[in-house]
2 protein chains.
Amino acid sequence: MSGAIDGSSMYVDIGTALAPGADPGISEEELDALEERVAAAHERIAAGIRDDEFGYAALSLPDRVDPDALREAVEPVADAEFVLTVGIGGSALGARTITSGIVPDRADRHVVLDNVDPEHVDRTVDRLPLAETAVNVVSKSGTTAETLANFLVVREAMDDAGVDWTERTIATTGSAGPLRALADEHDLPTRPVPEGVPGRFAALSAVGLVPAAILDGDIEGVLAGARAARESLAPSLFECPAYAYGATAYALEERGATVNAFMPYAESLEPFAEWFAQLWAESLGKAGRGQTPARALGVTDQHSQLQLYRAGPADKQITIVDADDRDGPTVPVAEHEELDYLGNTRLADLLAAERDATVASLAEAGQPTVRVGVDRLDAHALGELLYSMEAATILVGELADIETFTQPAVEWGKRAARALLAGEETAETATIEDLPDLRVE
Amino acid sequence: MSGAIDGSSMYVDIGTALAPGADPGISEEELDALEERVAAAHERIAAGIRDDEFGYAALSLPDRVDPDALREAVEPVADAEFVLTVGIGGSALGARTITSGIVPDRADRHVVLDNVDPEHVDRTVDRLPLAETAVNVVSKSGTTAETLANFLVVREAMDDAGVDWTERTIATTGSAGPLRALADEHDLPTRPVPEGVPGRFAALSAVGLVPAAILDGDIEGVLAGARAARESLAPSLFECPAYAYGATAYALEERGATVNAFMPYAESLEPFAEWFAQLWAESLGKAGRGQTPARALGVTDQHSQLQLYRAGPADKQITIVDADDRDGPTVPVAEHEELDYLGNTRLADLLAAERDATVASLAEAGQPTVRVGVDRLDAHALGELLYSMEAATILVGELADIETFTQPAVEWGKRAARALLAGEETAETATIEDLPDLRVE
């Protein structure tokens, strides 16, 4: 295992995505034909990294982020029992993914307010021991309505509880905007949101790492794993796991795989699937294309979604994410013969058998799967997974000629919501007024 | 509000699914043309209910389930601080949906082991105060590998902790099988799994209600809401919210809406979306058809999936689930002008504005939405929602001529996993051996 500390342990297996067995499926010849485009895209990506271009800059983060500076910044709140992240989308999903992945035994001490559900906000604030809670507020623009609204509610609750919120809060934000102003005014510890990196690509910066740092997670390991994945970028889909994933997904989408069912076989990676879903959907859902991510979880969703994946429309790629080595209990022998086959079985072996059976079951029905594997579920592996999926997403954007780093389609709704709240009459609010209804009750 | 206790408050608004605005979309004329088929399907469903046919029997549950008997059965463990449900698929999702929906302030006292992730099982068992935990083990056949394996692990952990597990366990299972034998042998309190009802349709029975009963939730309210929804079944999609939902989804799928993005605007309904995803996928994912449920959450996923929903392929129906009346905090006025528009705004109003903006934003881009609404998030409303979505699913099955109540495609994988564990060589294990691989590392 000497290579595992710095080397890459991640692999991508696309064997079960290959035609003629799979439909939609791709042939090795078709992949060979993609190689030239992958190589060109790699050159484009490498240049983007080198020139620090908008978006591509995300792939430099593991070299730039200084974990010591992060640890120092969180020092004032590092004694906290709980971390309350107030953020939404890219300002929340990466952080939750990292605590869940690297400190799974303490992940329930990381509470995330990434919604403005009023009763849920109330319950969350009521339940937390605010004097022992570090508040981690994250907004790149410093104006995100949901985040600022929630933060103002949390701040007032701390005031009401007699807790000095300025002593318990760390802000991660850009260089301007009301959150920056507020942080300056109250002398809060802050971390910058990296320049030139869209929120959903910012997990490998303070945006994703602060809560794990507070909970004393191995953030250095995450960054080392990401660097290993960076090292593995190469101008061939057959030599780079990230590009193997991206090129295969692109080719499968071209063949009709409009759904990407993303299914980790690990509870601690469930937030990783949510993080991936944003990365993939918001980066690639453009110009009438983009796979729809369907978040799933093995083995649980074998009892929920597998019927559809196997017997429904041939419009899916199923992505299985898992680790080779798992720990955990062995099933005791029971007093009933029918359960003998379970006795003395490690749960890890049961999980692996079910996973292998599921892949084969899908293959037997002609549904393509792609396996993403790591040695074990640790910080290094999580860093590899995060970085590789970012690189895969960027590759698909290049191949599909999409603007990977923007999200223009969400602006309409933001304007509309803001106008509604401000009581203004705009083109957007007129659309809302005029919506057709046909109500059945 | 006098009618709301027993009457139905649920509505379905299909206005924003209508063509020509929406693509895929349907016209009112097309819906009119569906009416006759809906009426015929309703007759079929009503006959199935009357004759207690397999599957259709689910729609009688609210009349049959006796909440007093349930409360009596859980009496021995009703003092528990935590409930640990050990089940998977239909034996877990309904139960989690109901505790989350009707006792959201105590929902974190309901812990669900619905996966055999070994480290997660270890963490869960380690963390629970087993002496104050009621174990709720649920398996219709009594042989479900994941459930029995987990239960044997939990039982041993209780033994090891010096807790008499026979005093802390309630079993919900069929009339035969190893779990039934074990319950008889150890004189456990048991509740029967209803006859003739597939697991995913069993939420409105002991299968879904036991944990809520232990946590003193209003299970009577859930059943009353379900009865109100039953009363609302009528031979017209324009007069029955459940059928309006089902017929619209069917028609949209026929027009190319292969994805159903199911998006409650309430944290407490997130498990409801998971429950729906199983119900929809496992019932209707057959013979090459079936919408893929994409679980989402408002407003959170506006910052994750909306870009794709708005600008991606025109292959989606977006289902918005929400409640008219919400409680919760008001945003305090902040010291920055840019945040003035948020000051003194109720979070509930912010949520509603964002929801309305999202529906309009999708409509403006031609993406069809269907609204499912209730007055407020209470037990009655949850009962209506559960029952109505079951009826909607059954209606789609009739319209599509699908065997709604079976799940044949999952059997292959179950056989394969079992053979792997038993070390047998079968056709299934041979398929696993022979899977192609193309590993990039």
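A: Ten salt bridges are counted between chain A and chain B in this predicted model. One salt bridge joins the side chains of B:Arg155 and A:Glu335, with an N to O distance of 2.8 Å. Polar contacts between chain A and chain B amount to 53 residue pairs, with both residues at pLDDT 80 or more. On the side of chain A that touches chain B, helix α14 of chain A (residues 347-364) supplies the largest share, namely 14 residues. By residue class, that side of chain A consists of 68 nonpolar, 33 polar and 37 charged residues.

The overall extent of the interface can be stated from both chains. In chain A, 138 residues are in contact with chain B, and 138 residues of chain B take part in turn. About 11,500 Å² is buried between chain A and chain B, and carbon and sulfur atoms contribute 62% of that area.

Strand β11 of chain A (residues 439-440) runs antiparallel to strand β1 of chain B (residues 11-13), and two bridges connect them. Within this pairing, A:Val440 has B:Val12 of β1(B) as its bridge partner.

The pairing of these strands belongs to an open sheet of six strands, ordered β11(A)-β1(B)-β10(B)-β9(B)-β7(B)-β8(B), in which the pairing is mixed. At the edges lie β11 of chain A and β8 of chain B (292-295), each of which pairs on one side only. Further along the sheet, strands β9 (residues 316-325) and β10 (residues 369-376) of chain B are parallel and are linked by seven bridges. There, B:Ile320 has B:Arg371 of β10(B) as its bridge partner.

B:Gly142 is located in the loop between β4 (133-139) and α6 (145-160) of chain B. B:Gly142 counts as buried because its relative accessibility is 0%, whereas the cut-off for that class is under 20%. Beyond its neighbours within four places in sequence, B:Gly142 contacts B:Leu148, B:Thr173, B:Pro178 and B:Leu179. The C-alpha atom of B:Gly142 is 9.0 Å from that of B:Thr172, a residue 30 residues away along the chain.

Technical notes
Residues numbered from 1 in each chain as written. Chains lettered and ligands numbered in written order. Predicted model: local features only at pLDDT ≥ 70, side-chain atom pairs only at ≥ 80, totals over all residues. Heavy atoms only, no water. Contact = heavy atoms within 4.5 Å. Buried area = accessible area lost by both parts, 1.4 Å probe. Salt bridge = Lys/Arg side-chain N within 4 Å of Asp/Glu carboxyl O. Polar contact = N/O pair within 3.5 Å; in protein donor to acceptor, adjacent residues only side chain to side chain. Helix = DSSP H or I, 4+ residues; strand = E, 2+ residues; numbered from the N terminus. Nonpolar A, V, L, I, M, F, W, Y, C, P; charged D, E, K, R; others polar. Pairing = 2+ DSSP bridges. Buried < 20%, exposed > 50% of the residue type's maximum accessible area, 1.4 Å probe, protein only.
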